[in-house]
Amino acid sequence: MTLRAVEQLLKENMGLHSSTVGSSTVERAVERRMRVHGITAVSEYREMLSHSEDELNALIDTVVVPETWFYRDRIPFSAFTDWIRNTWAPRKPRTTLRILSIPCSTGEEPYTLAMCLSDCGVPANAARIDAIDISNVSLEKARTGEYGSNSFRGDNLLYRDKYFEPIDARFRLKPEIRQRVHFARGNILEPTFTENRNSYDVIFCRNLLIYFDRPTQHRVVDRLETLLAPEGLLFLGHSETSLILQREFTPLKHPRCFGFSRGRTHRRPTRPAARQTNRRPAPQHAAPREHKFKATPAPVLQSRSIGANAAATQGHAERLQRAFRLADQGQFDEAIQLCEKLVAEQACQADVFYLLGLIGEATGDMQKAEQMFRKVVYLDPQHYQALTHLSAICDQKGDSQNAQRFRTRAARAHQRTGTGETSQ
């Protein structure tokens with residue numbers, strides 16, 4: 001029995017498409033867990049997985065190593081804070097503000113949301129944050145509320161002085177912040193996940209969808225819609241916004257926050273049912289799990305190597321995967337350097353420019369982002385993801401005419417492929 005059987009089991013149970021993290025990552029995780037149990041045959045380990053939920057969870061914890069820190073990508077938190085102060089608070093709501101953070105990893109994101117609420121003067125009993133993750137190991141770390149220096153990045157660390165207490169070489173979150181967050185294990189792909197849950201006013205689901213194939217991504221977004229209250233807010237990762245722009249959501253005006261409010265001011269295009277095609281599957285790219293440009297995966301992209309043999313094409317796809325992972329980890333310079341080499345080799349051109357566009361958005365260089373996305377649609381006029389990003393950029397610039405033009409083109413691309421993927 002090959003490793004593919006284990007990869008299939010991971011996909012069935014947590015939606016993880018092995019190409020988003022790389023088969024080598026799965027292989028190393030399997031080897032590590034096999035050594036723990038003294039197992040030498042993959043077939044024997046696969047049999048263990050089929051009978052032991054604890055071991056399956058341990059493998060998941062080993063495969064998916066969270067990369068996160070407090071206030072990661074500050075702009076979404078700024079948009080959230082503005083919404084609390086300018087929209088939610090003036091309503092003088094009598095009901096509890098409900099917030100979902102999924103996946104919550106080791107707790108940095110939901111605790112950041114709790115600090116935002118405290119900064120806005122929202123009493124602890126006026127809001128509830130549910131933090132959910134599939135990893136028991138991550139949840140155990142989150143509940144301790146203690147963090148090392150890697151969880152604090154950037155120059156502005158005033159929040160650490162305000163909300164943490166130094167404990168030797170680590171920092172412990174103060175009880176008044178910890179008590180705002182309620183951690184629980186959960187898997188959004190489980191059929192019962194949405195049962196007996198009240199709706200949420202705000203959902204942070206950043207860089208989870210990039211780990212899934214396209215049908216699984218739409219299943220997850222369907223469930224997020226089910227959980228989100230009318231006029232609620234949904235925050236996604238950088239590379240995941242194309243999944244939402246053909247639905248009943250409107251991008252927030254806050255530039256680069258990758259947040260959406262439920263409801264549209266224009267007519268929603270009909271989303272056709274997915275149809276079977278005989279196209280060669282596109283390579284899946286991760287961008288990140290604190291994820292990340294992670295982390296097809298979330299965008300489903302097409303590789304176009306010019307004059308390359310099959311081995312070279314595979315090598316180009318693997319290097320592009322690595323570039324997505326570097327970008328997800330915030331190593332933008334390294335990712336850009338790798339992209340520039342691929343451009344020089346005339347490899348994966350549309351996909352490389354797409355990643356450079358995502359990096360431009362993440363770093364605040366919207367002019368560069370727009371330039372890169374325009375290069376993508378020049379090379380591939382049916383590139384759904386690039387078209388949707390261009391429509392959002394134009395919306396934020398106040399260019400409603402071009403925003404609608406790109407949105408219409410995206411809808412046509414969506415209808416032609418039936419999945420929202422680019423065509424070959």
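**View 1. Asp222 and its salt bridge with Arg247 in the predicted model.** Asp222 belongs to helix α10, whereas Arg247 sits in the loop between β8 and β9 (249-251), so the pair ties together parts of the chain that are 25 residues apart in sequence.

**View 2. The salt bridge between Arg33 and Glu55.** Here the closest N and O atoms lie 2.9 Å apart, and both Arg33 and Glu55 are buried. Arg33 is in helix α2 and Glu55 in helix α4, so that the pair links distant parts of the chain, 22 residues apart.

**View 3. A network of salt bridges formed by Asp73, Glu109 and Arg206.** Glu109 lies in helix α6 (residues 108-119) and Arg206 in the loop between β7 and α10, which places the two partners 97 residues apart in the chain. Both Glu109 and Arg206 are buried.

**View 4. Arg160, a buried residue without a salt bridge.** Arg160 is found in helix α8, which covers residues 158-163. The nearest side chain of opposite charge belongs to Asp161 and is 4.7 Å away, while a salt bridge requires a distance within 4 Å. When residues up to four places away in sequence are left aside, Arg160 touches Phe152 and Phe171.

**View 5. The largest nonpolar core, with 45 residues.** Leu10, Val30, Leu59, Ile188, Ile203, Leu234 and Ile244 are the residues that touch the most other members of this core. Among the elements that give two or more residues to the core are α1 (3-14), α2 (23-37), α4 (53-63) and β8 (228-235), and the largest share, five residues, comes from α1. Another core, of 42 residues, lies apart from this one and includes Trp83, Trp88, Ala142 and Leu157.

**View 6. The second largest cavity, which holds about 120 Å³ of space.** Of the 15 residues that line this cavity, Thr241, Phe258, Phe260, Ala392 and Gln396 are the closest to its centre. Two or more lining residues come from each of β10 (259-262) and α15 (384-397), and α15 gives the most, with four residues.

How values were computed: Residues numbered from 1 in each chain as written. Predicted model: local features only at pLDDT ≥ 70, side-chain atom pairs only at ≥ 80, totals over all residues. Heavy atoms only, no water. Core = buried A, V, L, I, M, F, W, Y, C linked by side-chain atoms within 4.5 Å. Buried < 20%, exposed > 50% of the residue type's maximum accessible area, 1.4 Å probe, protein only. Lys, Arg positive; Asp, Glu negative; His and termini not counted. Contact = heavy atoms within 4.5 Å. 1 Å grid on protein atoms, 1.4 Å probe; cavity = no way out; pocket = protein on both sides within 12 Å on 5 of 7 lines; lining within 4 Å. Points joined across faces, edges and corners; volume = space filled by probe spheres on them.
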